Amino acid sequence: CLSCEVSAIEHAVDENSGREKVRVGLTNGNEYLVDRVLCAMGVEPNTEFCGTNFERASDGCLVVNELLETSVKGIYAAGDCCRVTVDDEDDSAWFQMQLWYQAQSMGWIAAHSMTCPDPEDDISLQFNFEMFAHCTKFFGRKCIFLGRFNGQGLDPDEIQIQMRVKPQEEFVKLVVL
């Protein structure tokens, strides 16, 4: 529906089948029972329509797990409208950035999680957050950024910076934790 917006979203049970569903209400008065919902909206966490049923991060984003499922069963979110909470011993191994490429990867993971019979046992999901990579150009030169290239959030006393410079040829900077 192009002339309306989502007004409500909540967990529901289909009266006919007894199966768990998600009820989506629209501002035009229509309601739909669906199997899954993927929420992806842009840089600002535009999630007010989700109501108060969802766990939220301090910035208003929906909190999601490693499968990108929200605190409401059957509802998934990807991109800048959500914050991933990874139950990991080393929580510095991955951090979320507001970049289209990462949002796209999160969308693939959410779609896979929604359609895979048992996504928790699917090894392919376990490698999606391994390394951040970004390609761009500075001063006409190709630049590739890998991992936490700027040391964001790292203790300066715990990192080592290694550099290799060949003027007019290459500049390599490596941040090692």
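Glu 69 sits in a loop, between strand S5 (62–64) and strand S6 (75–77). Strands here are DSSP runs of E with at least two residues, helices are runs of H or I with at least four, and both are numbered from the N terminus. The model is predicted: local features need pLDDT of at least 70, side-chain atom pairs count only at pLDDT 80 or more, and totals for chains, interfaces and linings use all residues. Residues are numbered from 1 along each chain as its sequence is written, and side-chain values use heavy atoms, leaving out hydrogens and water.

Glu 69 is buried, meaning under 20% relative accessible area with a 1.4 Å probe, protein chains only. Yet Glu 69 has no salt bridge (a side-chain nitrogen of Lys or Arg within 4 Å of a carboxyl oxygen of Asp or Glu). Lys 73 has the nearest side chain of opposite charge, 5.2 Å away. A polar atom of the Glu 69 side chain does lie 2.7 Å from the backbone nitrogen of Gly 74. Beyond four places in sequence, Glu 69 is in contact (heavy atoms within 4.5 Å) with Val 63, Val 64, Gly 74, Ile 75 and Tyr 76.

Ile 75 also belongs to the largest nonpolar core, which has 23 residues. Such a core is a set of buried Ala, Val, Leu, Ile, Met, Phe, Trp, Tyr and Cys residues joined through side-chain atoms within 4.5 Å. Ile 9, Phe 54, Leu 68, Ile 75 and Cys 82 touch the most other members. Helix H1 (100–115) is one of the elements giving two or more residues; H1 gives the most, with 4.

Now to strand S8 (residues 133–138), where Lys 137 is found. Lys 137 is exposed, at 60% relative accessible area; exposed means over 50%.

Notes
Lys and Arg count as positive and Asp and Glu as negative; His and the chain ends are not counted. A polar contact is a pair of N or O atoms within 3.5 Å; within protein, one must be able to donate a hydrogen and the other to accept it, and residues adjacent in sequence count only if both atoms are side-chain atoms.
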